[in-house]
Amino acid sequence: MQVAKIFRKESAFGKYMAYLCEIDSTNNYIKSRNSFLPHGFCAVAQSQLSGRGRQGKSFYSPKGKGLYASVLLKEESVVNDGLLTAKISLAVCRAIDRLTGTNNTNGVKIKWVNDIYFGSKKLCGILCERAKGKDGKDFVVVGIGINLEFDATCAPRDILNTATSLFDVTKNRYDMETLLKILLEEISDILYFDAKKTIELYRKRSCIIGHEINVIRNNKNIRAAALDILPKGELLVRYEDGTCEKLSSGEISIRLSK
Ligand code: BTN
């Protein structure tokens, strides 16, 4: 592992950054240093040896082919915001729009609660991890992995047909640092949006509202219709027997129906 260079920047978020060449996981990097790093600290790596995804999955992070970044959140109002993951998803979509010219209607969408899709393929994953610091206060590490290019020759088989990249989508190559700068600007804005505005924007970005999905609970697939995203960010679904349920992100995962 290369020793990080710590730079001071003037923007509100990512004012303090660590640029890493290679690391196990940028989330791990921040978590293990949480006690002395400030709110808004960002770690970014060229590659991750053990990039982590949700539900214990790994996140493929080859050198120079993606943006692999984590941000530390310590401010109480932000850490306790029930819409935090929704806000981060929105920030990612808006940053990609600004960088590439995609927009709400022609592309970058959110699969509840925080996978970013283009069409039927995943472009970005987000892993928010909450923990308690030595001072007894909760903090959150937000990890974001955006595929800039997808090299199918080396990628794990399980994501070959399900992942995409900004290059696949736009046929252009983008610089990781430019994307990160825009992303941090969006995060610093959106984290302070009120709930009403957040949900309005989130609904417009949803690729599942009005679609058939599979709700996966205890390894069982249950067919449902995704009806709406509710004011607190829950997903409202209707099952085949006509009953409806509000789903919270911790309990289940969903799959888009083909
Ligand atoms: C998922 O798709 O399940 C979430 C993937 C999150 C990947 C990012 S890359 C930067 C940060 N470091 C990690 O180890 N994971 C996150």
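Modeller: Gladly! An axis is a line fitted to C-alpha atoms, for helices over the stretch in contact (heavy atoms within 4.5 Å), and angles run from 0 to 180 degrees between N-to-C directions. The model is predicted, so local features need pLDDT of at least 70 and side-chain atom pairs 80 or more, while totals for chains, interfaces and linings use all residues. Residues are numbered from 1 along each chain as its sequence is written, and side-chain values use heavy atoms, without hydrogens and water.

Biologist: How many strands are there in the protein chain?
Modeller: Helices (H or I, at least four residues) and strands (E, at least two) are DSSP runs, numbered from the N terminus. The C-alpha trace that carries them spans about 55 × 45 × 35 Å along its principal axes. Besides six helices, the chain has 13 strands.

Biologist: What percentage of the 258 residues is buried?
Modeller: Buried means under 20% relative accessible area, exposed over 50%, and partly exposed in between (1.4 Å probe, protein chains only). Among contacts with a separation of 6 or more, residues 24 or more positions apart account for 59%. Of the 258 residues, the buried share is 49%.

Biologist: What does the packing make α3 to α6?
Modeller: Helix α3 packs with helix α6 (residues 195-205) at about 60 degrees, their axes being 10 Å apart. Angles under 35 degrees count as roughly parallel, over 145 as roughly antiparallel, 65 to 115 as roughly perpendicular and the rest as oblique. So α3 is, relative to α6, oblique.

Biologist: Which residues in α6 meet α3?
Modeller: From the α3 side come Ala-86, Lys-87, Ser-89, Leu-90, Cys-93, Arg-94 and Asp-97. Their partners in α6 are Thr-198, Leu-201, Tyr-202 and Arg-205.

Biologist: What does the packing make α3 to α5?
Modeller: Here α3 (residues 84-100) and α5 (residues 176-190) pack at about 135 degrees, and their axes are 8 Å apart. That angle makes α3, relative to α5, oblique.

Biologist: Is Ser-89 buried or exposed?
Modeller: Ser-89 sits in helix α3. Leaving aside neighbours within four places in sequence, Ser-89 is in contact with Ile-110, Val-113, Asn-114, Ile-116, Ile-126 and Tyr-202. With a relative accessible area of 0%, Ser-89 is buried.

Biologist: How many Å separate the C-alpha atoms of Leu-123 and Ala-45?
Modeller: Leu-123 belongs to strand β7 (residues 121-132) and is buried, at 1% relative accessibility. Not counting residues up to four places away in sequence, Leu-123 touches several residues, including Ile-96, Val-108, Phe-118 and Leu-166. Ala-45 is 78 residues away along the chain, and the two C-alpha atoms are separated by 18 Å.

Biologist: Is the peptide bond from Trp-112 to Val-113 cis or trans?
Modeller: Most peptide bonds are trans. Val-113 lies in the loop between β5 (108-111) and β6 (115-118). With omega near 5 degrees, the bond from Trp-112 to Val-113 is cis.

Biologist: Near what value is phi of Asn-219?
Modeller: Most residues other than glycine have a negative phi. In the loop between β9 (212-217) and β10 (220-229), Asn-218 has a positive phi near 50 degrees and is exposed at 71% relative accessibility. Asn-219 lies in the loop between β9 and β10, and is exposed at 80% relative accessibility. Its phi is positive too, near 65 degrees.
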